Amino acid sequence: MLEYVAARTHHSRRGALKNAFTYGVDFVLTDLQSDWPALISRNRFNLWSIRDRDYGGPRGEGRGVAWFRDVLAERGFFDDTAHLLLLTQPACLWFQFNPVSFWIAMVDGRPRAFVAEVNSTFGQRHCYFCAHDDFRPIERSDRMTAEKMMHVSPFQKVQGTYLFNFGITEDAVDIRISYENGDQGVLATLTGKRQTAGNGSLIRAALQRPLGAGRVVALIHWQALILFLKKAPFLRRQPAPDLLITEGNGHRDAPR
């Protein structure tokens, strides 16, 4: 399967210094197995492409879905009926960068486990594995938590907690990530409708938001300039964590 998600992402900063923005972004949801439209390819150059080496494992040394399958098995998840999916922004022409992608284990159309694969503009990557202890379905109202381990923004410290509310249905994606560190932090959301990917939708995405991931990097630096001009405290690049994966915890929470 290959689906296109014309998504919206919203970020708002918590604390005394306020900043918020909303942008359109182009994601695909795929099992990395089925036939794809002519304008998107796996492991070869195209208008849009997904390369295994960019996902699943250390940055630039990925193993794709095989890595996610191993991660699940190491944690006791052995459901042969699970549909293993990747939600990501594909490379546009030659350029690839994703602030966050998601590996998702679906059973009967409902997520049972996911990995948030976080990349920074500093060239670092860290992953957060989230699932209930018994791998029961993850509801949008469930709050999955993980300790922040990697330096992502020069304007936020490497401490505090990520809180994930992960929603994915047959029709839509609805993900909420709240980074909280005392009265500081950032709220980020990703929402969009699922639709079958075709050459038409891929062309429209390229025309509406040219350069794909290159545009994302430019917008990240534009927002960083805004925060710098607002005199937000600046933190230089911090060392990467020793481990690639941090384990998260899940519990029932009030809907958000």
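In which loop is the place of Lys148? Lys148 sits in the loop between strand 10 (142-147) and strand 11 (161-168); helices (H or I, at least four residues) and strands (E, at least two) are DSSP runs, numbered from the N terminus.

This is a predicted model, in which local features need pLDDT of at least 70 and side-chain atom pairs count only at pLDDT 80 or more, while totals for chains, interfaces and linings use all residues. Residues are numbered from 1 along each chain as its sequence is written, and side-chain values use heavy atoms, with hydrogens and water left out.

View 1. Lys148 is buried and has no salt bridge. Buried means under 20% relative accessible area, exposed over 50%, and partly exposed in between (1.4 Å probe, protein chains only). A salt bridge is a side-chain nitrogen of Lys or Arg within 4 Å of a carboxyl oxygen of Asp or Glu. The nearest side chain of opposite charge, Glu147, is 11 Å away; Lys and Arg count as positive and Asp and Glu as negative, with His and the chain ends not counted. Not counting residues up to four places away in sequence, Lys148 touches residues including Tyr128, Tyr162 and Tyr179 (contact means heavy atoms within 4.5 Å).

**View 2. The buried side of helix 1.** In helix 1 (residues 65-74), the buried residues are Val65, Trp67, Phe68, Val71 and Leu72. They lie on the same side of helix 1 because they cover an arc of only 155° around the axis, taken from the directions from the helix axis to the C-beta atoms. These buried residues pack against strand 5 (83-88), strand 7 (100-107), strand 8 (110-119), strand 9 (125-130) and strand 14 (245-247). Gly76, with a positive phi near 90°, follows helix 1.

**View 3. The largest nonpolar core.** A nonpolar core is a set of buried Ala, Val, Leu, Ile, Met, Phe, Trp, Tyr and Cys residues joined through side-chain atoms within 4.5 Å. The largest has 33 residues, of which Trp67, Phe68, Leu72, Trp103, Val115 and Phe129 touch the most other members. Helix 1 gives the most to this core, with 5 residues. Another core, of 29 residues, lies apart from it and has Phe27, Met106, Ala146 and Tyr162 among its members.

View 4. Two strands pair if DSSP finds at least two bridges between them. Strand 4 and strand 6 run antiparallel and are joined by 2 bridges. Ser49 has Ala91 in strand 6 as its bridge partner.
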